[in-house]
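My notes are below the view.

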Amino acid sequence: MITRHAIEHTLDFRYSAPVHSSVMTLYVQPLQDRRQVLLDFAIETDPDGPVFTFDGPFNNKGHFLDRPSPHERLVVRTRSTVETGPRRNLPDSLGSDGWERVKTGVCDPELGLMLQPSPFVRPSPALDQFIHTHDLQAGDDPLASARELSATLHRLFEYTPGSTAADSPIESILETGCGVCQDYAHVMAAIMRTWGIPCRYVSGYLGPDAAGAAPAASHAWVECWFPDLGWTGLDPTNDSGDDERHIRVAVGRDYGDVPPTRGVFKGSARSVLTPEVTVTRQET
């Protein structure tokens, strides 16, 4: 069944004093590909002004804005309508030659990039200790191993909003056991890459289970590459695969490649961001 989602995402920046020349890049437009159809997308801002589109890395669509006049508040509001398909039926395993086929497939340079360390997904003594303590070793089959790892991280970690920040390293959740979806995704990607399985970070939204509107938030999970299956989504925060609720916005090596917003402003002020997301689900 095809599921339609209407998403409204508001980013409300408030400043303690007037600022000048806010410059910002955004990764907030849902992906358009064979797995997801973007029916419409719009951005409006207050203060008003032009918003420019650019093609970002990994086939992501980015936007850029510059607001040079004095302002004490900047509001960015996006509206999207997206159709997603049902969860794919995956096999239980890749077969007896699964690891050999993964090893052969990663000769592709694009896949090889998702095996390399990145700023938020990298080896560390804390990661080595975590893997050793919980015996997180790859099993006989790559796909079954990835599913088991996702379930294990869901069990070991406690989802705790506010326990980490957007720029927190993986050591934070590894040492405390508390974090949010992007921390779960970073740890899973780090371990998958040590196993030799290409793994990339996905930013997006998680829609409601049933028709109707519901408050939501930005979400993050991972996609692992397997021969014959291609990029396959796994969500360790919810111990699930990616299904019709998972609305993909951008992919990258880690959060640092695809933050919803990144910017600077001129002025001596403190800034507070209040995000608000609503996802309305309609069965079609």
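These entries follow the order in which I looked things up.

I am working with a predicted model, where local features need pLDDT of at least 70, side-chain atom pairs count only at pLDDT 80 or more, and totals for chains, interfaces and linings use all residues. Residues are numbered from 1 along each chain as its sequence is written, and side-chain values use heavy atoms, with hydrogens and water left out.

**Cavities.** A cavity here is a set of points, on a 1 Å grid over the protein atoms alone, where a 1.4 Å probe fits but cannot get out; lining residues have an atom within 4 Å of a point. Grid points are joined across faces, edges and corners, and the volume is the space filled by probe spheres set on the points. I found two cavities of 30 Å³ or more.

I listed its lining: Arg87, Arg88, Leu90, Arg147, Thr232, Gly233, Leu234, Gly241 and Asp242. Strands and helices are DSSP runs numbered from the N terminus (strands E, at least two residues; helices H or I, at least four). Strand S11 (residues 230-235) gives the most to this lining, three residues. I then sorted the lining by class, with Ala, Val, Leu, Ile, Met, Phe, Trp, Tyr, Cys and Pro as nonpolar, Asp, Glu, Lys and Arg as charged, and the others, Gly among them, as polar. The count is two nonpolar, three polar and four charged.

The second largest cavity holds about 50 Å³. Its lining is His9, Tyr27, Val28, Ser203, Gly204, Tyr205, Ser218, His219, Val249 and Pro260. Strand S8 (199-206) and strand S10 (218-226) are the elements that give two or more residues to it. S8 has the largest share, three residues.

**Cysteines.** How many disulfides does the structure hold? I found zero, taking a disulfide as a pair of cysteine sulfur atoms within 2.5 Å. For Cys178, the nearest cysteine sulfur is that of Cys181, 15 Å away. For Cys224, it is that of Cys199, at 3.8 Å. Cys224 has 0% relative accessibility, so I log it as buried; the cut-offs are under 20% relative accessible area for buried, over 50% for exposed and partly exposed in between (1.4 Å probe, protein chains only).

**Asp135.** I checked a loop residue next. Asp135 sits between helix H3 (125-133) and helix H4 (142-156). Its relative accessibility is 57%, so Asp135 counts as exposed. From its C-alpha to that of Val28, 107 residues apart along the chain, I get 37 Å.

**Sheet.** Strands pair if DSSP finds at least two bridges between them. Five strands form an open antiparallel sheet, in the order S12-S11-S10-S8-S13. Which strands stand at the edges? They are S12 (240-241) and S13 (246-252); each has a single partner strand, so one side of each lacks a neighbour in the sheet. S11 and S12 are joined by two bridges. Leu234 has Gly241 as its bridge partner in S12, and both residues also line the largest cavity.

**Hairpin.** Last, I looked at S3 (residues 51-55) and S4 (residues 61-67), an antiparallel pair with five bridges. Phe54 stands opposite Gly62 in S4. Five residues lie between the two strands, and Phe58 takes a positive phi near 60° there.

Key
1 Å grid on protein atoms, 1.4 Å probe; cavity = no way out; pocket = protein on both sides within 12 Å on 5 of 7 lines; lining within 4 Å.
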